[in-house]
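Subject: Structure handover

Hello,

Here is the structure for your files. My notes on the pocket and the ligand site follow below it.

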Amino acid sequence: MTGNVKKAELHCHIEGAASPELVRQQARKYGADVSGFISGDSYIWSDFTEFLVAYDGAAALFRSQDDYALLARTYLEGIAAENAIYSEIFVSPDHAVAAGLSPSAYFDGLAEGIAQAKASTGIECRMIIVGIRHLGAEKVEAAARLASTRPHPLITGFGMAGEERFGKVADFAGAFDIARDAGLGITIHAGELAGPDSVRDALDHVRPSRIGHGVRATEDEALVRRIADEGVVLEVCPGSNLALKLYPDISRHPFDRLRRAGVKVTLSSDDPPHFASSIGREYQMVADAWGYDAAELTGFTRTSLEAAFIDEPTRAILLGQLD
Ligand code: ADE
Ligand code: ZN
């Protein structure tokens, strides 16, 4: 039923989009062992901390410009086959540098894959540089400074991922000031591993137009009203939230509650193969849970495109594809 619906996602970590199959191929190329974090065709982890180990293990096997071109093209062609017309990927120069690649080779490789997927399917993609919270405020500020130089035309936003329980949002406010002053779109992971206070701090100190996850704001009704009133868009990733055990099943997930409270909600896959997900499966899961019809599902895509960190002419073309 959802197959024909045009889709968009705003929240996908490119290293987290590498399938176990592709990571095994990379491991063969570099003579590496993946048995610590992949078994059969699945990643192995049981909580967020172990998830990060698997994520970093996979990322360490993308070491060249060509490797990143292959990763971006494979991911984008996969979601284009599910009728996705737009994606924003989180890109982490810290992961590239840890794998021995310069940030410019990393961005160029990703951009090559983006161009190849656009040529073969028409899908549009932009990149959001993220700082990694648990690496500390200095590293996040360095990522923001790099982003502020506008190192590639497809880089249009800045965000922060990683362990939300590390430090306070205020510690990272300076990084976001740098990125905002450079005219980049701003998003931040909050309200995933930590509760409403983390979301409130993000709104107060970072003033993002979008929040990654934000679902745990539902533990505070006044905060949900504030998010709705301020028009802040939530990048909701239900499959990720279920896999990380924030909620026991989709019927208990707050996506529909947030929508009914007037919050602008969108759908994304986060780190799809880690969560047995894809943007197509996210749309199907919420349609099955709450009976949305094609018009309502397309509405989530419209909200994503309206909130996208993209130039206005391209936004208009993408929105035109929904008619
Ligand atoms: N990095 C990759 N996936 C993440 C998630 N779900 N939360 C925070 N940081 C991440
Ligand atoms: Zn995320």
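With five residues, α3 gives the most to the lining of the largest pocket. This is a predicted model, and the pocket in it has a volume of about 290 Å³. Its lining is made up of 17 residues, and those closest to the pocket centre are A17, S19, P272, P273 and S277. Sorted by class, the lining of the largest pocket holds ten nonpolar, five polar and two charged residues.

Ligand 1 is a separate topic. The space that ligand 1 takes up is the largest cavity. Around ligand 1 are H13, F48, F51, Y55, A161, G162, H189, E192, H213, D270 and D271. By class, this shell has four nonpolar, four polar and three charged residues. Helix α2 (residues 48–59) gives the most to the shell, with three residues.

For the polar contacts, the distances to nitrogen atoms of ligand 1 are as follows:

- E192: an N or O atom of the side chain is 2.7 Å from a nitrogen atom of ligand 1.
- D270: a polar side-chain atom lies 2.8 Å from a nitrogen atom of ligand 1.
- H13: a polar side-chain atom lies 3.4 Å from a nitrogen atom of ligand 1.

On its own, ligand 1 has 260 Å² of accessible area, and the protein covers 97% of it.

Regards

Note on methods:
Residues are numbered from 1 along each chain as its sequence is written. Chains are lettered from A and ligands numbered from 1 in the order in which they are written. This is a predicted model: local features need pLDDT of at least 70, side-chain atom pairs count only at pLDDT 80 or more; totals for chains, interfaces and linings use all residues. Side-chain values use heavy atoms; hydrogens and water are left out. A residue is near a molecule or strand if one of its heavy atoms lies within 4 Å of it. A polar contact is a pair of N or O atoms within 3.5 Å; within protein, one must be able to donate a hydrogen and the other to accept it, and residues adjacent in sequence count only if both atoms are side-chain atoms. Accessible areas come from the Shrake-Rupley method with a 1.4 Å probe; for residues, only the protein chains shown count as cover. On a 1 Å grid over the protein atoms alone, a cavity is a set of points where a 1.4 Å probe fits but cannot get out, and a pocket is an open set with protein on both sides within 12 Å along at least five of seven lines; lining residues have an atom within 4 Å of a point. A molecule sits in a cavity or pocket if more than half of its atoms lie within 2 Å of its grid points. Helices (H or I, at least four residues) and strands (E, at least two) are DSSP runs, numbered from the N terminus. Ala, Val, Leu, Ile, Met, Phe, Trp, Tyr, Cys and Pro count as nonpolar, Asp, Glu, Lys and Arg as charged, and the others, Gly among them, as polar. Grid points are joined across faces, edges and corners, and a volume is the space filled by probe spheres set on the points.
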